[in-house]
Amino acid sequence: MTPPLLEVEGVSLAFGGVRALREVSLNLREGEITALVGDNGAGKSSLVRCIAGIYHPDEGSFRLDGEPVRFETAQQSRAAGIETVHQNLALVEDLTVWQNLFLNRELVRGIGPLAWLNRSEMKSRAADMVARLSVNVPAVTARVRRLSGGQRQAVAILRAAGFSSRLVIMDEPTAALGVRETSRVEDLIMLLREQGRSVLLVSHNLDQVTRLSDQVWVMRGGRCVAGRRTAETTGEELVALITGAKLA
Ligand SMILES: Nc1ncnc2c1ncn2[C@@H]1O[C@H](COP(=O)(O)OP(=O)(O)OP(=O)(O)O)[C@@H](O)[C@H]1O
Ligand SMILES: [Mg+2]
């Protein structure tokens with residue numbers, strides 16, 4: 001049997017006296033949408049940031065394809081094929097769509113002091129990415145400050161998904177979006193799965209989790225308290241697990 005794509009084993013993280021993560025263990029499989037749910041402050045974003053190499057766990061470990069990995073920096077996590085769309089997504093308002101897509105991974109032509117940015121190649125690849133994931137943005141040359149919330153989210157997801165990532169982590173990708181924008185972003189998430197990519201979806205929207213995910217992990221008070229195949233649980237059970245209430 002092939003090992004899970006990513007395994008989190010006994011990860012703990014404290015901020016001073018706040019124990020954000022307590023021995024969290026979970027895993028996710030290749031080609032699946034795995035949901036991570038839990039109340040505000042449960043530790044979801046902290047775990048995402050550990051996987052993304054931004055926070056460093058006090059204890060615990062990660063495995064990728066069964067092999068131990070350690071991410072000291074966000075670049076290392078990205079180099080391993082993990083891309084993250086953070087809760088407060090970081091796009092640069094004054095740059096265009098294509099400039100945001102290639103931020104920190106600019107294509108250069110030539111080497112050393114003679115290198116120059118290959119702008120036309122980046123623009124044309126950006127247009128390809130937008131077309132391939134059928135994202136609704138005005139133009140890759142539009143500045144991000146002119147885009148709606150949903151369009152910005154789409155650009156952030158494109159940035160994570162458009163490159164050769166195997167795992168795309170999305171922390172509350174639709175929290176700030178309207179009904180139509182939400183359904184476009186959901187289409188994008190399902191398209192990633194169709195392409196064989198793996199998605200870790202952090203969401204408070206249990207209806208969305210139930211419709212989209214293959215597997216769901218529940219966090220409460222810094223612990224991972226349960227994991228279910230989505231088909232084998234209900235919204236009611238998930239609410240009980242999230243709040244710690246006993247099922248009637
Ligand atoms: N940089 C930080 N410094 C101090 N405490 C932090 C930091 N980041 C998170 N925490 C604390 O860790 C705990 C978990 O926070 P986290 O952001 O992981 O929760 P969450 O599950 O993502 O919540 P939400 O659903 O509201 O986004 C909280 O008590 C939070 O205050
Ligand atoms: Mg969060």
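Good morning. The model is predicted: local features need pLDDT of at least 70, side-chain atom pairs count only at pLDDT 80 or more, and totals for chains, interfaces and linings use all residues. Residues are numbered from 1 along each chain as its sequence is written, chains are lettered from A and ligands numbered from 1 in the order in which they are written, and side-chain values use heavy atoms, with hydrogens and water left out.

I begin with the aromatic rings. The structure holds one aromatic pair, where a pair requires ring centres of Phe, Tyr or Trp (its six-membered ring) within 6.5 Å, with planes under 30 degrees apart counted as stacked, over 60 as edge-to-face and the rest as tilted. Phe 15 and Tyr 55 form this edge-to-face pair, at 5.1 Å centre to centre and 75° between the planes. The two residues are 40 apart: Phe 15 belongs to strand E1 (residues 6–15), and Tyr 55 to the loop between helix H1 (44–51) and strand E4 (59–64). Helices (H or I, at least four residues) and strands (E, at least two) are DSSP runs, numbered from the N terminus.

Helix H1 comes next. Seven of its eight residues are buried, so H1 is largely enclosed by the rest of the structure; among them are Lys 44, Ser 45 and Ser 46. Just after H1, Gly 53 takes a positive phi of about 80°.

Which residues come nearest to ligand 1? Of the 14 around it (a heavy atom within 4 Å), these are Asn 40, Gly 41, Lys 44, Ser 46 and His 204. As to polar contacts (pairs of N or O atoms within 3.5 Å), a polar side-chain atom of Ser 45 lies 2.8 Å from an oxygen atom of ligand 1, and one of His 204 lies 2.8 Å from an oxygen atom of the ligand.

How values were computed: A polar contact is a pair of N or O atoms within 3.5 Å; within protein, one must be able to donate a hydrogen and the other to accept it, and residues adjacent in sequence count only if both atoms are side-chain atoms. Buried means under 20% relative accessible area, exposed over 50%, partly exposed in between (1.4 Å probe, protein chains only).
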